[in-house]
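Here is a short report on one structure. Look it over first, then read on.

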Amino acid sequence: MARVLARRVLTSIPALLGVMLVALLLLELMPGDPAEIMAGENATPEAVQMIRDDLRLDDPLYERFSRYVGGVVTGDLGESPGSGIPVWDRISEALPVTLSLGGMALVLAVVVAIPAGTWAALRRDGLADRAVAAAAAVLQAVPPFVIGLGLVIFLAVERAWLPANGYVAFADDPYEWFRHLILPATALALSAAAELARQTRGAVVDVLEQDYIRAARAKGLRDRLVIGKHVAKNAATPVVTVLGLQVGRILGGAVVVELIFGMHGFGALALNAVVTRDIVLIQGVVLVSAIAVLIANLLVDLVYVYLNPRSRA
Amino acid sequence: MSGLLLALLLVVAAACGGDGGDGAGGAVGDEAEVDPVEAADRSGSLTFAMSYGFNSLDPHRSPNALGDALWMRPLYDRLLGVANGPDGAELVPQLATSYEVSDDGRTITFELRDDVTFHDGARFDASVVEANIERAKGPESTVASTLENLERVEVVDPTHVVFHLAEPDPALLWSLAVGTAGMMVSPEALDRDLSSEPAGSGPFTLVSASRDADVVYERWDDYWDPDAALVQELTITTVPDVNARYNGLRTDEYDAAYLTLPQAAEAEQLQSEGYHYRRQGGPSSYGILLNTDEPPLDDVRVRRAISLAVNREEISEELLSGVNPPSNQPFNEGYVGHDDGVEVPYDPEEAQRLVDEAGATGTRLEVIQQMTPPQDSLAQVVQQALEDIGFEVELTPLSSTEARPAWRRGGHHAMVTPVVGQADPSQTLAVTYLGGDNVGTPPEELVAMADEARALPLGSAEREEAYQEISAWLAENPVHVPIAQFTTVIVSRPEVVGTDNIVSIDIANLEFRRVGVTE
């Protein structure tokens with residue numbers, strides 16, 4: 001397992017370097033002079049030159065790249081020009097919000113989708129199967145912000161059962177933390193759950209048709225044992241793949257959901273970075289998002305190894 | 001909407017009718033209100049939801065000083081402030097108790113308070129003013145252009161300073177009052193980076209400041225005006241989505257919020273539940289910037305045709321849900337220079353005739369479409385209107401950050417965007433009609449009229465008349481085409497008192513002096 005982990009981490013490095021290069025190239029690809037854009041329209045030439053010096057825009061690209069990589073390795077993502085605040089400080093302030101939101105959305109998606117998908121597979125072509133398929137189709141088609149707005153209006157504004165906005169840190173008040181997360185996490189989880197349920201159903205149906213399942217049943221094993229032991233583990237591989245993909249989607253969906261729920265998370269930070277033309281912050285956001293997705297993929301790979309010993313080779 | 005854009009739109013406004021009636025350009029809102037000083041619970045707290053976050057709390061070095069002014073106002077005092085008066089916004093004393101402009105308009109003498117201490121314990125006096133102006137004009141300053149005309153500050157004695165101007169510029173007083181250039185920094189902190197650690201003498205001190213979430217302030221009990229801060233704690237929270245701000249307001253998470261369309265219109269109904277709805281007209285307008293150097297727009301008949309082709313009433317009512325009243329001249333209602341007598345009818349036939357006469361029928365116009373609501377839809381309406389009078393129109397969609405730089409680089413015929421106005425008509429002309437957003441050559445006649453009007457004393461009848469004349473002239477001989485007045489909508493919960501004081505002029509100039517909450 002450790003060897004697999006080491007190998008996977010090593011193969012992630014080129015991807016990470018690529019992301020860093022793209023993040024750095026954002027500056028080059030922007031129309032106009034990045035220093036002028038960041039300085040604002042009423043800035044004096046001196047102020048523009050200061051930003052230019054700050055970002056060392058006059059240095060050749062390879063020098064800036066190696067300096068950027070060096071910074072990232074030592075945990076320094078640079079500073080926003082004009083504010084002097086390390087980008088990492090702002091990201092680390094926003095990350096717990098998004099991790100809580102994304103984590104709860106993933107848990108919700110799994111808790112709803114896997115039983116629903118399995119249930120549908122076991123009653124293939126029955127009423128339950130059709131109901132799950134229909135619900136999944138609808139939920140996958142409706143974007144999270146529509147679900148989010150609907151939830152806010154019905155459960156927060158009109159009935160005041162749950163808070164409409166904001167976030168409370170777990171350390172401050174675990175109960176309020178939970179209450180504030182229910183609506184946004186649900187909005188974010190539903191489309192992920194829909195996809196996951198469909199995949200689960202498909203995988204379980206596939207496995208149920210395998211000879212070894214028939215053999216296990218013929219042997220007289222009880223249904224619960226067949227499903228719990230043989231079906232679950234074999235059907236898990238495609239489900240885990242989809243789950244891994246959902247991490248990226250949830251991160252993307254969080255941008256919109258955080259906005260609707262007035263949460264000061266990573267998504268809101270990304271938007272603010274764009275709006276305030278803070279390119280250094282945008283670079284940091286891109287990099288951290290990429291790392292999050294890489295970590296998710298790494299975890300998926302490790303789960304594969306656990307589920308399928310053959311892939312250890 | 002982006003911070004930058006807001007800053008542009010909201011740049012300092014002035015003189016809005018504070019009559020509380022439903023005046024087109026004036027304020028719309030509550031009638032009689034209780035006295036906030038009496039009614040406020042001094043231990044209360046107030047949370048205001050804003051659409052964007054700040055960059056820096058350094059009044060002279062912020063990369064977006066106009067947009068950041070909102071966050072600096074609780075922390076810093078200026079020489080002069082702005083408040084809602086009976087005839088619109090007016091200059092009021094802050095650190096200066098009075099000012100006097102010399103007859104030749106070249107010197108302004110301020111008398112200063114002698115009882116002001118900065119949060120860090122330093123004393124305020126005339127030498128502090130001198131040092132601050134030096135900082136605001138220094139090489140690292142982002143606001144130096146506002147003080148261009150200010151040549152030298154002379155310290156007479158600890159409570160008197162004289163500003164010597166290169167040429168008469170009465171509007172400088174407005175610049176000092178509404179922007180951040182006139183904010184006074186503690187003499188102990190002049191050399192420091194103040195972006196996160198401000199050093200002012202304002203009614204609040206900073207508790208914590210997150211650029212992306214909450215900025216929390218606490219009342220400063222040693223402030224010279226004990227009634228300025230009526231809450232113990234003030235929070236400005238960044239909530240980019242207008243839906244989220246609106247919902248937060250209705251679920252009591254925020255006490256007040258800045259709203260844009262469509263919620264800015266919807267929220268009017270909340271008045272029946274006791275919410276305070278304030279809508280205040282600014283000096284800027286949604287409209288069309290024209291490049292007068294780019295044929296066929298170098299022909300004033302063509303520009304006039306464009307102005308006649310736009311159905312202002314319908315755009316105001318339908319597209320902008322009645323939140324933004326029609327505007328047909330450079331100086332909006334409630335501002336110096338506005339001329340009630342100006343009429344620009346909707347007359348597409350006459351417009352088409354003018355285009356024909358100028359031989360411009362069939363010309364292709366390249367128009368920048370700013371992809372921020374409502375300008376994006378407005379651009380489509382304008383496109384249709386211009387095609388109806390014989391032009392071919394090609395829209396170039398650009399984000400709000402790209403649009404204005406692209407416009408200023410030239411090469412486009414027009415841009416549908418806020419036509420920026422400022423507190424004083426001389427500033428509006430400078431930034432939008434003579435330079436800045438006017439990428440073409442300004443008409444000679446306008447330059448001459450503007451030169452003559454600029455030096456006239458602030459508040460004088462001659463000044464008012466001179467600018468009214470310019471307003472009427474520009475309506476007949478358009479440079480740009482204003483369509484609907486920009487308005488700021490602030491909605492607050494029933495418990496908030498002093499809501500009339502919240503919008504002193506505009507959102508970036510929002511100030512929380514004498515605003516409180518009842519128990």
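**A buried proline**

Pro184(A) is buried, as 31 other C-beta atoms lie within 10 Å. A residue counts as buried with 20 or more other C-beta atoms within 10 Å of its own, as exposed with 12 or fewer, and as partly exposed in between; C-beta atoms are placed from the backbone.

This is a predicted model: local features need pLDDT of at least 70, side-chain atom pairs count only at pLDDT 80 or more, and totals for chains, interfaces and linings use all residues. Residues are numbered from 1 along each chain as its sequence is written, while chains are lettered from A and ligands numbered from 1 in the order in which they are written.

**Around Pro184(A)**

Pro184(A) sits in helix α8 (residues 174-208) of chain A. Helices (H or I, at least four residues) and strands (E, at least two) are DSSP runs, numbered from the N terminus. Leaving out residues up to four places away in sequence, Pro184(A) touches Leu101(A), Gly148(A), Val257(A), Phe261(A) and Met263(A). Contact means C-beta atoms, placed from the backbone, within 7 Å.

**A sheet in chain B**

In chain B, four strands make an open antiparallel sheet, ordered β5-β6-β8-β7. β5 (96-101) and β7 of chain B are at the edges with a single partner strand each, so one side of each has no neighbour in the sheet. Strands pair if DSSP finds at least two bridges between them. β6(B) and β8(B) run antiparallel, joined by five bridges. Glu111(B) has His160(B) in β8(B) as its bridge partner.

**A helix over the sheet**

The buried residues of helix α4 (residues 126-136) of chain B include Val129(B) and Ile133(B). Their cover includes β6 (107-112), β7 (150-157) and β8 (160-165) of chain B.

Note on methods
Two residues are in contact if their C-beta atoms, placed from the backbone, lie within 7 Å.
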